[in-house]
Amino acid sequence: MRPLVRTAALNGYVELSRSLGMDPQSSMEDVGLDAAALMLQDRWISGAAVARLLAISAAESGLDDFGLRMSEFRRLGSLGPISIALREEPDVRSGLELLLHHEHMYNEALHARLSEREGLATLKVGLDFGEALETRQATELAVGAFHLVLRMFLGPQWLPLSVYFAHDAPADRGTHQRVFGPAVEFGREFSGINFRASDLDSPNTTSDPLLRNYARQYIEAVAVPRDTGTVDQVRELIEVLLPTGRCSVDRIARSLNVDRRSVHRRLARSGETFSSLVNSVRVRLAEQFVVNPRRSLTEISDLLGFSTASAFSRWFREQFGCSPREWRGRATTGSALTRPDPR
């Protein structure tokens, strides 16, 4: 199944489009969406359609920062029921952990994770719509939304140490610097936010411990369970191990302190296999790496764990329907990047 998102993901779309002299209803119809559906915040719609809508709206408006501008219309309530519990979390760390654990409750295409190292906290934000799409606008909307949550906890004057985007810089960085501050970098390996790890322990002064218990009980009652703990762990380990050339189910099993049969069994419960996860991670990373002209195709082959560049090229053609060089050329000329439907 292709991932869905709540209609609240498009909060602000109509207002921003009209302010730019665009017809939001017409644009939404072009991608199979109905503007009237936006009145129902908890309705689920195609994530791919949302990504396409943002991309064509950016092109029509001539604004590379359309998605980021949309993020400025977001409110905490855009997250749906989880926003009730988020308001009562005692600190930034627990708030982010709640968001990441229940991200499927508001956006099935979102894959974000938090890491800490040497005093630095990094929130990586990824999107997977189940097909090859232009995700620049959707990514900037997602990063902007997380930035909004951090500022809710840390105050309106708070600024991250840096904000990264995997795509190239826009012609005008004014909106990015106004929203995130001066430390915005493009063409990086991932999209996300870097900030001081000590910020994670900053208290939420408006939290009420008694209300938190009630809010947590409510979320647990309405949350749809997602048995993907092992899937997420294995996916993250695959991403770490691929460049080393030692990505195997045995090595991952040792990292998880279980045997390989347990890994296979746990993945099967979520409808996955080790091979399917390796392939999905490679597809996601290939989409990021190949469009970056600063990386050679041989280097990308190594980063994705292929023994030879020719093996990488054969795999890429099977997944994307063309050679990596052709895909890079299309990205350079601004042509549509469409991956064959795997079904």
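Here are some questions and answers about a predicted model.

Me: Is Asn107 buried or exposed?
Reply: Happy to start there: Asn107 sits in the loop between helix H6 (92-101) and strand S3 (110-117). Its relative accessible area is 15%, and the cut-off for a buried residue is under 20%. Asn107 is therefore buried.

Me: What relative accessible area does Ala8 have?
Reply: Ala8 belongs to the loop between strand S1 (4-6) and helix H1 (13-19). Not counting residues up to four places away in sequence, Ala8 touches Gln41, Arg74 and Ser78. Ala8 is buried, and its relative accessible area is 0%.

Me: How many Å apart in space are Ala8 and Leu120, C-alpha to C-alpha?
Reply: In sequence, Ala8 and Leu120 are 112 residues apart. In space, the C-alpha to C-alpha distance is 31 Å.

Me: Which residue has a side chain joined to that of Glu60 by a polar contact of 3.5 Å?
Reply: Glu60 lies in helix H3 (residues 47-61). Setting aside neighbours within four places in sequence, Glu60 is in contact with Met22 and Ser27. The polar contact of 3.5 Å joins the side chain of Glu60 to that of Ser27.

Me: What span should helix H13 have, at 1.5 Å a residue?
Reply: Helix H13 covers residues 274-290, which makes 17 residues. The expected span is 1.5 Å times one less than the number of residues.

Me: How are H15 and H16 oriented to each other?
Reply: Helix H15 (residues 309-320) and helix H16 (residues 324-333) have axes 9 Å apart. Phe312, Ser313, Phe316, Arg317 and Phe320 of H15 meet Pro324, Glu326 and Trp327 of H16. By class, this contact has 5 nonpolar, 1 polar and 2 charged residues. The packing angle is about 55°, so the two helices are oblique.

Notes
Residues numbered from 1 in each chain as written. Predicted model: local features only at pLDDT ≥ 70, side-chain atom pairs only at ≥ 80, totals over all residues. Heavy atoms only, no water. Helix = DSSP H or I, 4+ residues; strand = E, 2+ residues; numbered from the N terminus. Buried < 20%, exposed > 50% of the residue type's maximum accessible area, 1.4 Å probe, protein only. Axes fitted to C-alpha atoms, helices over the stretch in contact; angles between N-to-C directions. Parallel < 35°, antiparallel > 145°, perpendicular 65-115°, else oblique. Contact = heavy atoms within 4.5 Å. Nonpolar A, V, L, I, M, F, W, Y, C, P; charged D, E, K, R; others polar. Polar contact = N/O pair within 3.5 Å; in protein donor to acceptor, adjacent residues only side chain to side chain.
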